[in-house]
Amino acid sequence: MAATPDIPDTPADPGTIADAAAKLDATAAVITGHGSDIYAAVNTAAFQFSDLVAGPIRDLALKNQSVWEGALQAVTYGSGVTKLWSQNVQHFKDERNKLVTEWENALGSHFGVHDPYVPGGATDAQAKEIINSYNTSLANAQNAKAGDITSRAHALLEALRTDANARAAQVQRDATEADIVQLSRAGTLSWAAYVAFGKQNDPTVIPPVTGNDAYAARDLLNRAANGENVDPNELRKALDLLNHINSGVAAAVAAGVPISAGALAYLANLYQGIGKNLFKLPDALNKFGFSEADKQRYKKDLGTGLLLLSNENTKTNDPTYSGGFDKLPPEVQSLLTDNVYPEPGPRQGVDFRNINRPEDWNGLLQLLGDTPKDVAGGEKFSAQLTYRLGEIADVSQAFHDRLYGQGFTDSELDRQHLRGNILFDHGAADHLITGLLDVATRNHAGITDVLNGVGYDPSHIPSGGHDTSSGLGKGHEKYTNPVVALLSYDYADDGKTAAHLVDWIGPARNSDDPAQHALADKAANRVFALLGSANGNNNGGYNLLANIPGSGGDNHTLGARNPGVTSALGNLAVSYLDRFATAPDGQPTDLRGGQVQISEGDRIRIFSLIATDPKAAEALSTSVQLYEQKLGQQEITSGDSKAHELGNAVARIDSYLEVGVNNGLIETGLGQQEAQQKAAAIHAASEKAVAALIKDVILAPVPGGEGIGKLVIAGGKSLFTSAYTEATTPSDPKAIPANINSPSGYGLDRLQFNTYYGEVQQLASEGKITPQNSPDLFVNGHLKSSSELLPNPGALDGALDDLHNAVKGTGVDTSGFDKQTADKDNNQIAHNYYNSPEEYKTRIRNGSLK
């Protein structure tokens with residue numbers, strides 16, 4: 001027999017519960033002397049207890065303030081909890097009705113089971129079989145649906161019981177801080193309770209505002225922006241209220257919990273009502289006698305509210321109503337979506353005035369520049385802001401390079417009254433871009449959209465090009481991508497702010513949150529694809545950042561212009577070294593199989609861009625060596641099941657590093673031999689850095705006796721022992737074996753040396769290796785240091801043999817590890833590079849190296 005769902009109800013009635021809360025409100029009105037309706041007198045203007053009490057009881061209440069406040073707290077708190085219970089019951093009723101409707105719709109559609117079809121000529125037996133089959137299918141579908149709805153209905157009832165127990169517990173105790181915060185976010189905390197509990201300066205409690213409360217503040221701010229007479233105290237009170245709202249909403253957003261719909265409606269009505277005057281308010285605040293500190297705080301408050309309103313994560317207890325780009329004033333939306341490029345002035349093609357709406361951009365900077373770092377704008381807001389900043393960087397840099405390349409000087413800015421003009425004054429543009437980019441990059445989902453080109457429409461960009469006679473317009477091919485424009489801009493801070501475009505990706509990938517990990521992969525994939533792209537037209541991401549045009553025809557590398565960016569790219573690459581070490585699949589860089597797949601050519605180009613900054617190259621080389629030892633640890637613990645994978649991975653990633661660093665140094669202007677020498681010095685310095693990171697080493701035996709031990713480094717940070725710490729000299733490039741291809745030509749042997757030396761340390765401490773059985777390893781009765789054993793690269797083979805023989809002499813079976821670290825010849829990039837460096841340099845730049 002087919003089942004029907006059990007959808008329990010509750011006798012509780014939201015309306016009856018709300019009436020009970022109203023009676024408590026009436027009691028509060030009597031306590032404060034406001035007759036029968038406290039809310040007619042107490043609103044956004046009430047900020048002290050003295051504002052609440054009125055009439056004949058005022059003097060008595062103020063004389064016995066603590067008693068009166070206690071009574072008011074009890075009544076208003078009870079009212080707030082009762083209203084919250086009414087909300088809980090209403091939510092249960094709404095969700096229950098949805099389940100009833102879902103069942104009725106399923107019943108009407110026969111639970112998705114198609115009506116039976118009995119073909120003409122079917123026998124009675126055949127027809128009966130078809131009908132029986134249909135009835136069975138229908139009953140099974142009905143039973144499944146009934147069971148599902150019953151399960152969800154009972155879960156809903158259980159949630160209501162949990163709410164009931166929570167509300168009962170609340171009314172039986174004094175209000176806690178968490179209780180007040182909960183009521184404020186639910187929108188059931190009254191103004192009387194807000195003031196009675198003294199929550200005016202509690203940053204976690206949202207004032208109990210509604211959309212209608214915003215109109216008075218909106219009118220004040222509009223009058224102030226238009227230069228009309230406004231009482232400074234009234235203006236101060238309105239801005240202080242905004243500060244309290246922002247604090248509570250920001251705390252809720254950070255906690256991932258919804259706020260009252262009234263609080264969001266307040267922000268929406270306030271900002272939409274201010275509209276275009278919003279950009280004028282920062283300067284207008286100078287006219288009211290506020291201190292400098294207060295003016296900065298009020299501008300920050302106006303900017304913070306705008307960010308919270310724009311954020312899709314500003315959720316409310318109404319699931320259909322949340323923050324977002326569409327909640328912003330149209331004037332703000334258009335600023336972030338319209339063309340920023342200037343049009344020619346009266347003298348066609350040469351007389352440009354400024355970027356479009358410069359006053360509004362400067363106003364936006366004043367509002368957002370000092371907002372809290374932990375408050376982010378919405379995804380679309382942040383993406384569109386970043387796109388526009390990329391276009392401003394495009395036009396500003398091109399105009400600056402053209403003007404100064406033709407002899408334009410800073411003194412001309414003052415003589416022609418152009419100081420502060422975003423188009424002519426590079427310093428002003430730099431200030432605008434860095435100030436707003438710091439805000440835009442707080443929303444990582446928005447930046448991921450930018451990296452992937454989501455929502456970018458370049459159709460509004462006027463025609464033309466930076467390399468035409470006008471020197472301005474759509475943007476030279478080199479700047480068609482806003483990300484490239486932002487990374488290549490000539491910043492006063494050396495690209496530290498622009499680095500925020502990518503510096504969050506590594507930590508996100510290492511997060512325990514799967515959503516953050518997926519977001520990181522989506523962003524990293526596009527960074528590697530964009531910056532690794534190259535072609536014969538020199539307009540790929542690699543081409544543009546390896547050779548950035550400057551004034552007077554001078555070109556710059558990314559590392560020379562913005563070392564902050566190359567450092568961030570290096571850290572990003574280090575976070576994905578596992579993807580650089582894995583065998584390439586021969587396809588372009590993209591997300592495949594749930595992993596970032598980086599093409600071989602892009603791996604080298606990414607390393608090359610990083611290496612245009614020698615400090616970043618050294619950090620990368622150090623990290624690669626640390627990573628290789630981590631691979632060694634993993635291989636040792638895995639026994640022989642992954643034989644040869646370690647050798648292949650080390651040879652592969654060492655090749656990319658070798659070629660990438662050399663090529664990056666060549667991009668800086670060094671010749672081939674100079675680049676080799678510089679690269680050798682970089683790798684030698686990284687060896688010393690690695691040695692400085694090493695502390696204690698403990699080698700624990702691996703169960704089963706496979707391998708020679710497991711590297712366990714104190715603190716869990718460093719993964720191998722100190723080995724070769726002296727400066728090295730480059731090997732003969734044409735003599736570098738194709739089966740090693742490491743930065744200093746001995747990557748796999750070096751890995752064996754590090755591991756064996758650590759094992760010898762342990763065995764010597766146990767008395768198993770002594771000066772008597774291994775005299776070549778000791779001096780004056782003490783085990784030689786690694787640098788004494790390996791004073792130069794030429795000593796490696798002999799030192800490795802001595803260590804190997806000593807370990808084997810104690811009975812340790814090393815065959816598994818030796819097999820895993822045998823030299824491999826799967827990757828000949830470095831060998832080929834040194835045989836034909838000029839050809840490889842060309843292939844890297846024109847993109848034919850895939």
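Let me begin with a term: a residue counts as buried when its relative accessible area is under 20%, as exposed when it is over 50%, and as partly exposed in between, using a 1.4 Å probe and protein chains only. What we have here is a predicted model, in which local features need pLDDT of at least 70 and side-chain atom pairs count only at pLDDT 80 or more, while totals for chains, interfaces and linings use all residues. Residues are numbered from 1 along each chain as its sequence is written, and side-chain values use heavy atoms, leaving out hydrogens and water.

Of its 14 residues, 10 are buried, so helix 10 is largely enclosed by the rest of the structure; among them are Gly262, Leu267, Tyr271 and Ile274. The cover over these buried residues includes helix 8 (214-225), helix 9 (232-255), helix 11 (281-284) and helix 12 (292-310). Just after helix 10, Gly275 takes a positive phi of about 55°.

Now to a packed pair: how do helix 15 and helix 18 lie relative to each other? Helix 15 (residues 379-405) and helix 18 (residues 444-451) pack at an angle of about 45°, with their axes, which are lines fitted to C-alpha atoms over the stretch in contact, 7 Å apart. In contact, meaning heavy atoms within 4.5 Å, Glu379, Ala383, Thr386 and Tyr387 in helix 15 meet Ala445, Gly446, Ile447, Asp449 and Val450 in helix 18.

How values were computed
Axes fitted to C-alpha atoms, helices over the stretch in contact; angles between N-to-C directions. Helix = DSSP H or I, 4+ residues; strand = E, 2+ residues; numbered from the N terminus.
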